[in-house]
Amino acid sequence: MIMSLQPFINEAISPWLKEEGPNNDIVLSTRIRLARNFDKFPFPIIADKEELSPIVQLIQDEYHHQSFDSYQDLEYISMEELQPIEKRVLVEKHLISPNLAEKSINSGVLISKNEQVSVMVNEEDHIRMQLYFPGLQLEKALEQAFTFDDWLEEKIDYAFDEHRGYLTSCPTNVGTGMRASVMMHLPALTLTQKMNKMIPAINQLGLVVRGIYGEGSEALGNIFQISNQVTLGRSEVDIIEDLQSVVKKLIEQEEFARQLLVEQSELRLEDRVFRSYGTLKYSRIIESKETARCLSDLRLGIDVGYIDHLSKTILNELMILTQPGFLQQYAKETLSAKERDIRRASIIRERLKLENG
Amino acid sequence: MECQECHERPATLHLTKMVNGEKLEIHVCEKCAKEKGYISYEEEAYSIHDLLAGLFNFESNISHNQATNKEKRETLTCPKCGMTYRQFTQIGKFGCASCYATFQDHLNPIFRRVHSGNTKHDGKIPKRQGKDLQNKQLVKDYKTKLQQLIENEQFEEAAKVRDKIKALENNDVEGGE
Ligand SMILES: [Zn+2]
Ligand SMILES: [Zn+2]
């Protein structure tokens, strides 16, 4: 393994995620992603390998081992140098997209030491910078994203048109090139079947709701990502204001649903939480679906005060730690599904023992 | 997003239907779409991946009689990256920044559908490059003004404006206002 990669794939939880953010009992994290392209070069979808290499060259020359603001020691990692499991780990930590992981020559990622910033190079667009913040911090995230964008732009001529804005490979990103998203843990709204009914209403406001983990419409661990769909014709500030107001509404509803659950079925809720805790604590074989469900219950138990000796980040951390890539990274070998279920159970047991000790 | 008909499977088809002049969004799974007649069996179903390609099929049905225009449009080719309009509609992605200018006349309907009716950017302007953009806008305004002044035979004023344009074109910000 290349040395510089080690910190990024050894720890499941990114340094920035350990900090407490606003509304962090419901909002896990906030992300702003900006898509940018060089005006001179064809987009990755159509470009030859040689046409993409000047971009990688410039990024390496100008930004590798540079620092900007609180983003220290930007490290450029080429996709070419990575093993499949290492790529998978970076995907599971959301530092790169699955799409980037499939690439090799002339694509890579620039990651800051605290993992708060990652800049994907030659994914669908030449540049996709992502900034992460704990809890709900859309305004701050946008401000920082703009500053970081300005810093990158000092050395890069962006493809920008006064009428169409930032030009992107996909028409769905043109304009601001911005995707703002908020990751939320909504167990009570899911448990009371309210989430299903709210999603279409949220969609109508031009926002998209999807599960982060799991496939299709299911949201493993009751973790949902809410993000903007429209990128053209609305300013970034307007977009995040809309998103913010919907997220606030969801927080209100989730809090209300939690309160009702506690009031109306306290014993049943408590039973559910402690059963899940027991399962996580003592299982010898556990699938990812059951893990996600139990972790969600456990986190809810922490939030409503049934369990007070565990840290809140346990949900985020174990969700990531128990993904296939991480399990195999820790095992230092390729594992079958069955072996992963065994390994998953043991990692969870160890992690919980650590908290108790 | 779940299918709005069966509430079981995920909605993989996202259609827009005009009902009494109102745009109606329909999110359904493929099975329900076929059963409810939102799409016919022969018609190519469009998943989220070829959403854009789908938009074009939709549009081309309407303008079926304008076959020659369509043919002309399909073979439009970006001089910089070589992508044709047909390729663009098939993969739903632009090949380079110049594609935007090349396909300019045909993009508004697409943008409108994808971005809730919007076609024009209203947001951040690059900090460094944006300066040029602002200057460019000023030069354009001054040139219109200059034309008017000359037509009105206000040559003294015109000379001043011409100096301002020159200064801006030499990228001398002082020469602005
Ligand atoms: Zn259905
Ligand atoms: Zn092109």
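**Notes on chain B and its zinc site**

1. In chain B, 33% of the contacts with a separation of 6 or more are between residues 24 or more positions apart (contact: heavy atoms within 4.5 Å). Keep in mind that this is a predicted model, where local features need pLDDT of at least 70, side-chain atom pairs count only at pLDDT 80 or more, and totals for chains, interfaces and linings use all residues. Residues are numbered from 1 along each chain as its sequence is written, chains are lettered from A and ligands numbered from 1 in the order written, and side-chain values use heavy atoms, leaving out hydrogens and water.

2. On the fold: chain B has eight helices and two strands, running β-β-α-α-α-α-α-α-α-α along the sequence. These are DSSP runs numbered from the N terminus (helices H or I, at least four residues; strands E, at least two).

3. Now the metal. Cys78(B), Cys81(B), Cys96(B) and Cys99(B) each coordinate the zinc ion (ligand 2) through SG, at 2.3 to 2.4 Å. Donors here are N, O and S atoms within 2.8 Å of the metal (3.2 Å for Na, K and Ca); water is not among the atoms, so sites may look incomplete. The donor spacing in sequence is C-x2-C-x14-C-x2-C.

4. Geometry: the donor angles of 98 to 126 degrees make the arrangement around the zinc ion (ligand 2) tetrahedral (four donors, all angles between 85 and 135 degrees).

5. As for burial, Cys96(B) is buried at 2% relative accessible area, and Cys81(B) is buried at 18% (buried: under 20% relative accessible area, 1.4 Å probe, protein chains only). Of the 177 residues in chain B, 36% are buried.

Notes:
Four donors count as tetrahedral if all angles lie between 85 and 135 degrees; four count as square planar and six as octahedral if opposite donors are over 155 degrees apart and all others between 65 and 115; anything else is irregular. Buried means under 20% relative accessible area, exposed over 50%, partly exposed in between (1.4 Å probe, protein chains only).
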